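This briefing describes one protein chain for a reader who has not seen it before. Please look over the sequence and the model, then read the points below.

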Amino acid sequence: MNRSVIASLMIGIAFLLVEGTAQTQNRTPQAAQPGRYQLFSAEHAIIGITNAEAEKVILRIDTATGKVDEWNIGQDAEGKVFDEWTPTGELPRKR
C-alpha cells in the first residue's frame with residue numbers, strides 16, 4: 001500500500017470516530033415513563049364518627065388496573081407491628 005491509501009484510511013477512521021462521538025453527545029434525553037404506581041396524600045372524614053378530625057392517608061393508585069390501596073402502619077391487638085398496603089374499602093387491622 002502506498003502512503004496515499006494509508007492516509008485516506010486513517011482520515012476515514014478518524015472521521016468515523018469523530019462522527020460517532022458527536023452522535024452520542026447530541027442525544028436528547030427521552031422523557032421518563034411514569035411508573036406503574038402513583039402516590040398521593042389525602043384527607044378524608046371517618047364515616048360514623050361525629051366531630052372527628054379528618055384522617056390523613058397515603059394512597060397508591062395502580063395505573064395499570066385502577067386499584068387504589070391505602071398505607072397502614074401500626075400495632076395490632078397482639079402487639080405485632082405491621083406496615084402494609086390495604087385495598088381501599090377493606091377494613092384495616094384492628095389496633
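Four strands form an open sheet in the order β1-β2-β3-β4, with antiparallel pairing. β1 and β4 are the edge strands, each pairing on one side only. From one strand to the next, the twist averages 30 degrees. Two strands count as paired if DSSP finds at least two bridges between them. Angles run from 0 to 180 degrees between N-to-C directions, and axes are lines fitted to C-alpha atoms, for helices over the stretch in contact.

This is a predicted model, in which local features need pLDDT of at least 70 and side-chain atom pairs count only at pLDDT 80 or more, while totals for chains, interfaces and linings use all residues. Residues are numbered from 1 along each chain as its sequence is written, and side-chain values use heavy atoms, with hydrogens and water left out.

**Chain layout**

- The protein chain has one helix and four strands, which run α-β-β-β-β from the N terminus on.
- Helices (H or I, at least four residues) and strands (E, at least two) are DSSP runs, numbered from the N terminus.

**Strand β2 with strand β3**

- Strand β2 covers residues 55–62 and strand β3 covers residues 68–75; the two pair in the antiparallel sense over three bridges.
- I61 has V68 in β3 as its bridge partner, and L59 has E70 in β3.
- The hairpin of β2 and β3 has five residues between the strands, and G66 takes a positive phi near 85 degrees there.

**Strand β3 with strand β4**

- β3 also pairs with strand β4 (residues 81–87), in the antiparallel sense and over seven bridges.
- The bridge partner of Q75 is V81 in β4.
- β3 and β4 form a hairpin with five residues between them, and G79 in its turn has a positive phi of about 90 degrees.

**Salt bridges**

- A salt bridge is a side-chain nitrogen of Lys or Arg within 4 Å of a carboxyl oxygen of Asp or Glu; by this rule the count comes to two.
- Side chains of opposite charge can pair when their charged atoms come close.
- D62 is buried, with a relative accessible area of 6%, whereas R36 counts as partly exposed at 44% relative accessibility.
- Another salt bridge joins D69 and R60, with the closest N and O atoms 2.7 Å apart.
- D69 counts as buried at 13% relative accessibility, and R60 counts as buried at 18%.

**Burial, contacts and surface**

- Buried means under 20% relative accessible area, exposed over 50%, and partly exposed in between (1.4 Å probe, protein chains only).
- Of the 95 residues in the protein chain, 12% are buried.
- Among contacts (heavy atoms within 4.5 Å) in the protein chain between residues at least 6 apart in sequence, 17% join residues at least 24 apart.
- The protein chain exposes about 8500 Å², of which carbon and sulfur atoms supply 57%.
- Accessible areas come from the Shrake-Rupley method with a 1.4 Å probe; for residues, only the protein chains shown count as cover.
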